[in-house]
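Hi there,

Here is the structure I promised to pass on. Please have it open while you read my notes below.

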Amino acid sequence: MRHLNSIIIVVILLVAQVLICNYFNLSQFVMLTFLPVIILCMPVNTGTIRVLILSFLMGIAVDFFADGILGMTAAALLPVALLRKYIISLVFGEEVFARSENITMRRQGPFKMNIGIVLSTALFLLVYLHLDDAGLRPFWFNLARFTASLAASSLVSLFIAALITDEERTKWR
């Protein structure tokens, strides 16, 4: 039952991300994404290969149903999945792995959780915006787009992290 609950949550979030990509384009400077927080909040005992496969499948699904180029979101999610354990150990410490406890807003606190979200979202945006730009836009535009997207996505991701890591409502194990 717990596994099914987490699958349903991820599917709902993927549908929400597709809807945001298709219908809620805020501006040319803001790209709203919360896919990196889904990767970050996966159970810590999930292996890197499994996280890479899941992030690739999530990225391809979003690209297929949204109006993006097929593979761009997947390519941007793969570095987040690859460096996930490093980000977790850097921000939350090695004891998370030693105790095999999942990352939750209540245990880690909003400050540490926000740092982890900003790092993973920044990594995603750096790759995604570089692929999307293809060297055709000026540096100031890319910097403004990165900054605005990081601020908006991190804020939304903080609320989503609080939602998906609530231990009473959802069981990620």
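Phe111 counts as exposed because its relative accessibility is 64% (exposed means over 50% relative accessible area, buried under 20%, and partly exposed in between, with a 1.4 Å probe and protein chains only). Please keep in mind that this is a predicted model, where local features need pLDDT of at least 70 and side-chain atom pairs count only at pLDDT 80 or more, while totals for chains, interfaces and linings use all residues. Residues are numbered from 1 along each chain as its sequence is written, and side-chain values use heavy atoms, leaving out hydrogens and water.

Phe111 sits in helix H7 (helices are DSSP runs of H or I with at least four residues, numbered from the N terminus). Together with Leu82, Leu83, Tyr86, Leu90, Ile115 and Leu119, Phe111 forms a nonpolar patch on the surface, and the accessible area of the set is about 720 Å². For such a patch, residues need over 30% relative accessible area and no salt bridge, and nonpolar side chains (Val, Leu, Ile, Met, Phe, Trp, Tyr) are joined within 5 Å. A salt bridge here is a side-chain nitrogen of Lys or Arg within 4 Å of a carboxyl oxygen of Asp or Glu; the areas come from the Shrake-Rupley method with a 1.4 Å probe, and only the protein chains shown count as cover for residues. H5 and H7 each supply at least two residues of the patch, and H7 gives the most, with 3.

Now for the inside. The largest nonpolar core has 45 residues, and Val37, Ile38, Ile39, Met58, Met113 and Phe124 have the most contacts inside it (a core is a set of buried Ala, Val, Leu, Ile, Met, Phe, Trp, Tyr and Cys residues joined through side-chain atoms within 4.5 Å). H7 gives the most to this core as well, with 8 residues. Beyond its neighbours within four places in sequence, Phe124 is in contact (heavy atoms within 4.5 Å) with Met31, Thr33, Pro36, Thr73, Ala76, Leu77 and Val80.

Two other residues may interest you. Phe141, in helix H8 (residues 139-164), counts as buried because its relative accessibility is 7%. Ser100 is not a glycine, yet has a positive phi of about 55 degrees. Ser100 lies in the loop between helix H6 (95-99) and helix H7 (105-133), and at 39% relative accessibility counts as partly exposed.

Best wishes

Conventions
Patch = residues over 30% accessible without salt bridge, like charges linked within 9 Å, V, L, I, M, F, W, Y side chains within 5 Å.
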